[in-house]
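Subject: Structure for you to look at

Dear colleague,

I am passing on the structure we spoke about, and below it I have set out what was found. Please read the notes with the structure open beside them.

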Amino acid sequence: MNKSLALATRPASRAEIAAPVPAEIHPESLLALPPGEAKQSLLTVHSILEARLPAGPLSIYEAGGGSTSYLPLGVLRRAHVTVVDIDADQIRNNTYAQEAVLGDIQTYRFPPERFDLIICYNVIEHIPDVEAALSGFCEALKPNGLLLIGAPNPKSLSGIVTKYSPHWFHVWFYRTIRGEKNAGLPGEAPFPTHFHPMVTLTNLEAFVADRGLQAIYRKKYESPRYPEMRRRKPVLAAVIDAAARAMNALLPGKIDVRHGDYHVILRKLGS
């Protein structure tokens, strides 16, 4: 085994996880989330980033970053942000990046050890070659740099439905259940999904561990779609909740099929 891979990274402290985040540094992406596990986990992610990123100017790469940032504003305000996205509409809608590149995150490459933080949020489920994208992230990250990934859990109820249902159904869900009338139009979610095996959290962590990255935070949480449905479509939500409880009772271990998404923060071990 590579000796550097055996080194233990310091886990996120209780103070980092519980630290409150002042309202003035909440991005719109967090404010838009309904109360629940998703919002709480993103707050935890913010507190860890604030504590672990170096002081002073930052170099950040948002892979597939379109019009929305999930980073705390305190981090964005001291960062040079480079966004790479294959969708020209998403690039045009971006208002926070200093550098926007129309390109494919699977093949686009930066010089080694360029970034303090790389973020890939709600993107890897949409690309066919996740291994290529992750390899590029690992190379471009500085020693002790952080990689934040937010993605759906393929083994959850919503993950299975998304994986095996046609794209038109996803558009219908966004328009009818979520009330997003522009869903499916150019530059608007939902986007076609691939669900490469590497999207599964255990596979992802094993892949990047071989490249010198270790998790310092991981959290599977209830998809924000559930509290949205409970508010907008209570009868439908009650039926789905009942089905989820029945599935949870039948599955071994403490599995909750409503844990439809996850956050993971990975640290690149220092040289």
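The buried residues of helix 10 are covered by parts of the chain that include helix 7 (157-164), helix 8 (167-177) and helix 11 (234-250), where cover is counted by contact, meaning heavy atoms within 4.5 Å. Helix 10 itself spans residues 225-232, and its buried residues are Y226, P227, E228 and M229; buried means under 20% relative accessible area, exposed over 50%, and partly exposed in between, with a 1.4 Å probe and protein chains only. Helices (H or I, at least four residues) and strands (E, at least two) are DSSP runs, numbered from the N terminus.

Please bear in mind that this is a predicted model, in which local features need pLDDT of at least 70 and side-chain atom pairs count only at pLDDT 80 or more, while totals for chains, interfaces and linings use all residues. Residues are numbered from 1 along each chain as its sequence is written, and side-chain values use heavy atoms, with hydrogens and water left out.

Helix 11 also contains M247, which counts as partly exposed because its relative accessibility is 33%. Together with L251 and I255, M247 forms a nonpolar patch on the surface, with about 230 Å² of accessible area in total. The areas come from the Shrake-Rupley method with a 1.4 Å probe, and for residues only the protein chains shown count as cover.

I255 is also one of the residues nearest the centre of the second largest pocket, along with N153, K155, S156 and K220, out of 16 lining residues. Helix 7 and helix 9 (201-209) each supply at least two residues of that lining. A pocket is, on a 1 Å grid over the protein atoms alone, an open set of points with protein on both sides within 12 Å along at least five of seven lines, and lining residues have an atom within 4 Å of a point.

For the chain as a whole, there are 11 helices and 7 strands, and buried residues make up 51% of the 271 residues.

Technical notes: Patches are made of residues with over 30% relative accessible area and no salt bridge: like charges are joined within 9 Å, nonpolar side chains (Val, Leu, Ile, Met, Phe, Trp, Tyr) within 5 Å. A salt bridge is a side-chain nitrogen of Lys or Arg within 4 Å of a carboxyl oxygen of Asp or Glu. On a 1 Å grid over the protein atoms alone, a cavity is a set of points where a 1.4 Å probe fits but cannot get out, and a pocket is an open set with protein on both sides within 12 Å along at least five of seven lines; lining residues have an atom within 4 Å of a point.
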